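Dear colleague,

Please find below the structure I would like to hand over to you, with its sequence. My findings follow directly after it.

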Amino acid sequence: MVIFPNMVNKSLSLGSNNYILINSLSKKGGAEKQCCFVFKKLEVKKIFLINDLNDYKDLKVFSTVLVKGRYNRFFKLVFSVIKLSKKISKTDTVISFMELSNFINIITKIIYTKHRCIISVRISPDYYKSLWFGNLIIILMKLLYPFSDRIITNSKDNMDSLKKIIHTSDSKFEVINNAIDLQAVKNVKITNYLPKKYLISMGRLVDQKNIFFQISLVKYLKKLGQNYKLLILGDGPLKGKIKLSINSIGLEYSSKLDKSDCDIIMLGHKDEPMSYFGNRCIFLSTSFNEGMPNSMLEAMARAVPIISSNCPTGPKELLAENELFEDDKKYYKNGVLLPIPSINKLDLSNWSGVVIELMDNSNLYNHFSKRSVLKAEQFSSKIISSAWKESLI
């Protein structure tokens with residue numbers, strides 16, 4: 001784990017009121033989960049939402065929607081800046097999560113309030129290179145982020161990527177990793193009907209997660225006589241295309257665990273995903289980009305071995321701490337790290353070989369199961385809450 005509270009500019013004093021600004025509070029998002037953690041652990045007066053979506057019932061009384069109604073991003077940004085400026089003062093602190101909220105936080109500071117502005121960046125800027133409007137976001141990051149008082153990232157690699165495009169003092173940057181409630185993880189009851197051996201993937205069904213490779217991997221494994229089921233936890237815009245892809249390559253899917261004759265089980269979003277980490281399973285991450293993946297941390301806390309792509313950012317810090325990544329190397333200190341895969345025979349062969357070896361070799365499986373738990377302990381809520389409190393001194 002990487003936390004650098006010593007890099008903080010201690011001359012920044014705590015405001016009279018602390019607020020959080022975030023796009024929405026959907027339970028499907030990792031940033032939203034960490035936002036709620038910060039709210040509960042720090043002295044935060046209110047959460048400002050840009051969109052009228054709050055799945056956390058216990059936080060509804062503490063949240064205020066800045067702009068109600070459907071507007072495009074530009075008008076939502078403008079209206080939110082105006083509304084936020086009327087609700088905070090110069091002596092206040094606003095902690096924002098994700099780019100749109102970060103932009104609103106900074107612009108409000110520059111034009112109106114001059115408040116203390118702390119922004120939290122949750123994903124590598126490389127992610128935006130794949131989006132049609134991504135270049136505009138990167139330009140705004142370059143222009144606006146230097147005006148913030150603090151830039152908090154959830155991984156060191158994420159911070160290093162930001163430093164390449166944000167020209168500002170190094171003292172503004174700080175790494176505070178995502179938090180896990182380890183006690184809650186240990187208390188989770190395992191769901192019935194789990195397969196004896198299976199792969200599990202978790203996250204929003206979007207291009208970023210590279211789910212289509214996972215489907216092809218299941219097909220390739222089946223050709224090799226290895227009938228491992230794949231459990232997919234999550235919803236998203238690609239759900240329909242994924243189902244079509246599964247059928248098109250001759251596999252079968254189901255939305256129910258007790259369906260024994262299917263290859264892939266699509267369970268949708270689950271509020272307690274850790275109840276699906278049991279028996280002998282391997283967590284599979286094939287992403288093109290990440291920040292610091294909550295799903296991977298949760299799997300590790302449940303003693304699940306990890307096979308991940310070496311995408312920016314997060315997986316390498318978790319699995320290969322202080323080790324150099326090599327294309328022809330597979331096993332690292334805390335798990336398996338491979339190049340980002342494409343649907344071709346070479347990648348399918350490499351990934352399937354590691355899956356089979358890890359699943360069938362009990363000593364290897366148990367070794368990485370123990371390493372997962374040891375690494376997850378570094379992300380306990382106690383450690384991370386202390387880092388946030390130290391950051392706000």
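A search of the whole structure, which is a predicted model, finds 14 salt bridges.

Salt bridges

K40 pairs with D58 in a salt bridge whose closest N and O atoms are 3.3 Å apart. K40 belongs to helix α1 (residues 30–41), while D58 sits in the loop between β2 (46–49) and β3 (63–65), so this pair ties together parts that are 18 residues apart in sequence. K40 is exposed, with a relative accessible area of 52%, whereas D58 is partly exposed at 45%.

A further salt bridge joins K129 to D126, with 3.2 Å between the closest N and O atoms. K129 counts as exposed, its relative accessible area being 59%; D126 is partly exposed, with a value of 27%.

E321 and K333 also meet through their side chains in a salt bridge, at 3.9 Å from N to O. Both residues are placed in the loop between α10 (315–319) and β14 (336–338), and the pair links parts of the chain 12 residues apart. E321 is buried, because its relative accessible area of 17% falls under the 20% limit for that class. K333, by contrast, is partly exposed at 39% relative accessibility.

Nonpolar surface patch

On the surface, Y71, F74, F75, F79, I82, I110, I111, Y112 and F147 form a nonpolar patch, and together they have about 870 Å² of accessible area. Two helices, α2 (73–85) and α3 (99–113), each supply at least two residues of the patch. The largest share, 4 residues, comes from α2. Y71 is found in the loop between β3 and α2, and with 40% relative accessibility Y71 counts as partly exposed.

Nonpolar core

The largest nonpolar core has 34 residues, of which I200, L231, F277, F283 and L318 touch the most other members. Two or more residues of this core are given by each of α6 (182–187), β8 (197–202), β9 (229–233), β11 (264–268), β12 (280–285), α9 (294–301) and α10. The largest share of the core, 5 residues, comes from α9.

Apart from neighbours within four places in sequence, I200 is in contact with L230, L231, L233, Y276, F277, C281, I282, F283 and L284.

A buried glutamine

Finally, I would draw your attention to Q214, which is found in helix α7 (residues 211–223). Q214 is buried, since its relative accessible area is 1% and the class takes in values under 20%. The side chain of Q214 makes a polar contact with the side chain of T286, at 3.0 Å. With neighbours within four places in sequence left aside, the contacts of Q214 are S201, K209, L230, L284 and T286. L230 and L284 are also among the residues in contact with I200.

With kind regards

Terms used. Residues are numbered from 1 along each chain as its sequence is written. This is a predicted model: local features need pLDDT of at least 70, side-chain atom pairs count only at pLDDT 80 or more; totals for chains, interfaces and linings use all residues. Side-chain values use heavy atoms; hydrogens and water are left out. Buried means under 20% relative accessible area, exposed over 50%, partly exposed in between (1.4 Å probe, protein chains only). A polar contact is a pair of N or O atoms within 3.5 Å; within protein, one must be able to donate a hydrogen and the other to accept it, and residues adjacent in sequence count only if both atoms are side-chain atoms. Contact means heavy atoms within 4.5 Å. A salt bridge is a side-chain nitrogen of Lys or Arg within 4 Å of a carboxyl oxygen of Asp or Glu. Patches are made of residues with over 30% relative accessible area and no salt bridge: like charges are joined within 9 Å, nonpolar side chains (Val, Leu, Ile, Met, Phe, Trp, Tyr) within 5 Å. Accessible areas come from the Shrake-Rupley method with a 1.4 Å probe; for residues, only the protein chains shown count as cover. A nonpolar core is a set of buried Ala, Val, Leu, Ile, Met, Phe, Trp, Tyr and Cys residues joined through side-chain atoms within 4.5 Å.
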